[in-house]
Amino acid sequence: MFRHFKFVFLLVLLLLAFFTKVSLQEMLVVALVLYGFNYFFSTRTKNKPQPAQAETKEEIRKALISTGTAYYAQLSEPQRLVFEERVLNFIGQKQFIARGEGMVITTEIKVQIAACAVQLTFGLPELHFTHFRTILIYPDRYYSTIYKRYHCGEVNTNGIIVLSWRDFETGTRNAQDGLNLGLHEMAHALHQENSLHPGAYDFLNQEYLTCWQCLSEAEQSRMQAEKSVFRRLCAAPDTHEFFAVTVELFFEMPLLLEKEHPEIYQALSNLLNQDPARQAG
Ligand SMILES: [Zn+2]
């Protein structure tokens, strides 16, 4: 509509130039000046900072406590302040969209999702998963028209993270069963973010990442042959899924993962710069 307006505006100027005494050059100068004004103000509008975040630091802290976020609960007070700041910043950069009947986005929902991203990257410099701007939340599993089946979560290359809230909550309710949809999808997002922007960030140490990739492929074959207690690791169809499942176990069953697969545990500990087995012990 606005594009059409510009076209009509230029046409009127040209017609005026033909039918009045004003020269074409003068009309073009006027058009250029008006176009410059329009460009300046529209650019300013586009680059305008996002509106102030609805959540305050106090609300973030309250939500982290009331939702019983296990990882946050075991942090020291100075660490909690850093964690809260990161959650606040993460939320400020994402658009949370409710999908499906009855789904309403609350501060608690945003905080719990952000807390998974922050937990995963807490040992690294602050990271906002900038490729992923939108988080879609369904109340329950949703039907994927692409894969022709119901999903509980996914991370796609268009920069969207999709979650089933029921599955997300089930995952966070028990922090020791090795199942956590939020951490799983954030692990996919981290992996994808790192491969999309190689060199742009140094959040994953290249040496540790190479080590992880070599080790995870070899270890998965060994796990399948020796029948690891972690059946989901054996069944992971590719290295991306293997990484996401290992992240869940790393945080929720660190002692068992370290005991059963010490090299895998150590490689991930190096990569994420965290050592949950020491905190659990
Ligand atoms: Zn997955």
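User: In which loop is Gln74 found?
Analyst: This is a predicted model: local features need pLDDT of at least 70, side-chain atom pairs count only at pLDDT 80 or more, and totals for chains, interfaces and linings use all residues. Residues are numbered from 1 along each chain as its sequence is written, and side-chain values use heavy atoms, leaving out hydrogens and water. Helices (H or I, at least four residues) and strands (E, at least two) are DSSP runs, numbered from the N terminus. Gln74 is in the loop between α4 (70-73) and α5 (77-92).

User: How far apart in space are Gln74 and Gln279?
Analyst: In sequence, 205 residues separate Gln74 from Gln279. From C-alpha to C-alpha, the distance between Gln74 and Gln279 is 8.4 Å.

User: What is the relative accessibility of His261, and is this residue buried or exposed?
Analyst: His261 is in the loop between α12 (254-260) and α13 (262-272). Buried means under 20% relative accessible area, exposed over 50%, and partly exposed in between (1.4 Å probe, protein chains only). His261 has a relative accessible area of 5%, so this residue is buried.

User: Which residues is His261 in contact with, leaving aside neighbours within four places in sequence?
Analyst: Contact means heavy atoms within 4.5 Å. With those neighbours left aside, His261 is in contact with Glu219, Arg222, Met223, Ser228 and Phe230.

User: Which residues are the protein donors of the zinc ion?
Analyst: Donors are N, O and S atoms within 2.8 Å of the metal (3.2 Å for Na, K and Ca); water is not among the atoms, so sites may look incomplete. The donor spacing along the chain is H-x3-H-x52-E. At 2.1 to 2.2 Å from the zinc ion, the protein donors are His184 (NE2), His188 (NE2) and Glu241 (OE).

User: Which helices hold His188 and Glu241?
Analyst: His188 is buried, at 16% relative accessible area, whereas Glu241 is partly exposed, at 23%. The pair is 53 residues apart and links distant parts of the chain. His188 lies in helix α8 (residues 181-196) and Glu241 in helix α11 (residues 239-252).

User: How are α8 and α11 oriented to each other?
Analyst: Axes are lines fitted to C-alpha atoms, for helices over the stretch in contact, with angles from 0 to 180 degrees between N-to-C directions. The axes of α8 and α11 come within 8 Å and cross at roughly 135 degrees. Angles under 35 degrees count as roughly parallel, over 145 as roughly antiparallel, 65 to 115 as roughly perpendicular and the rest as oblique. The two helices, α8 and α11, are therefore oblique.
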